[in-house]
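Please examine the sequence and the three-dimensional structure shown below.

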Amino acid sequence: MLKLYGGARSRASIILWYLEEIEADYEFITLDMQSGEHLKSDFLEINPMGKVPAIVDGEFKLWESGAILLYVAEKYGKMPDSLEQKAEIFQWVLFANATLGPGIFVEASREKETPRL
């Protein structure tokens, strides 16, 4: 079963949203970022950068929310064959990471950006 590691107010929420949308089986593991769980050796074996989100799928480990979203789409057969349709998916994944995430998760910009986004 796919394991997703995340923390409060992390981009793991974007991946959770997608996993729920496609009704995938997964386990969500919340790391206490305040206490430094993401910097312990067990998690650093998954992501040496000590950042969330990250996944473990069998023996496979992957981090970076955009890469995880694209992996999950391919794994669960939700990725189209057409280059143009794939490009649109890449566009939305990059938008989620570069624009949507900061607009929602950065408290200083949330009030201004959320209505626009």
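**A guided reading of the fold**

Glu64 lies in the loop between S4 and H3; helices (H or I, at least four residues) and strands (E, at least two) are DSSP runs, numbered from the N terminus. This is a predicted model, in which local features need pLDDT of at least 70 and side-chain atom pairs count only at pLDDT 80 or more, while totals for chains, interfaces and linings use all residues. Residues are numbered from 1 along each chain as its sequence is written, and side-chain values use heavy atoms, with hydrogens and water left out.

Phi of Glu64 is near 95°, a positive value in a residue other than glycine. Most residues other than glycine have a negative phi, and most peptide bonds are trans. Glu64 counts as partly exposed, at 46% relative accessibility; buried means under 20% relative accessible area, exposed over 50%, and partly exposed in between (1.4 Å probe, protein chains only). Glu23, found in the loop between H1 and S2, also has a positive phi, near 55°. With a relative accessible area of 72%, Glu23 is exposed. A cis peptide bond, with omega about 10°, joins Val52 and Pro53.

The open sheet is formed by 4 strands in the order S2-S1-S3-S4, with mixed pairing; two strands pair if DSSP finds at least two bridges between them. Strands S2 (26-30) and S4 (60-63) stand at the edges with a single partner strand each, so one side of each is left without a neighbour in the sheet. S3 (residues 54-57) pairs with S4 in the antiparallel sense over 4 bridges, and Ala54 has Trp63 in S4 as its bridge partner.

Which helix comes within 9 Å of H3, axis to axis? The axis of helix H4 (residues 83-105) does so, and the two cross at roughly 145°; axes are lines fitted to C-alpha atoms, for helices over the stretch in contact, and angles run from 0 to 180 degrees between N-to-C directions. Contact means heavy atoms within 4.5 Å. Among the residues making this contact are Leu69 and Leu70 of H3 and Ile89 and Phe90 of H4.

A nonpolar core is a set of buried Ala, Val, Leu, Ile, Met, Phe, Trp, Tyr and Cys residues joined through side-chain atoms within 4.5 Å. In the largest one, of 19 residues, Leu2, Leu19 and Val72 touch the most other members. S1, H1, H3 and H4 each supply at least two residues of this core. Apart from it lies another core of 7 residues, including Tyr5, Leu31, Ala54 and Val56.
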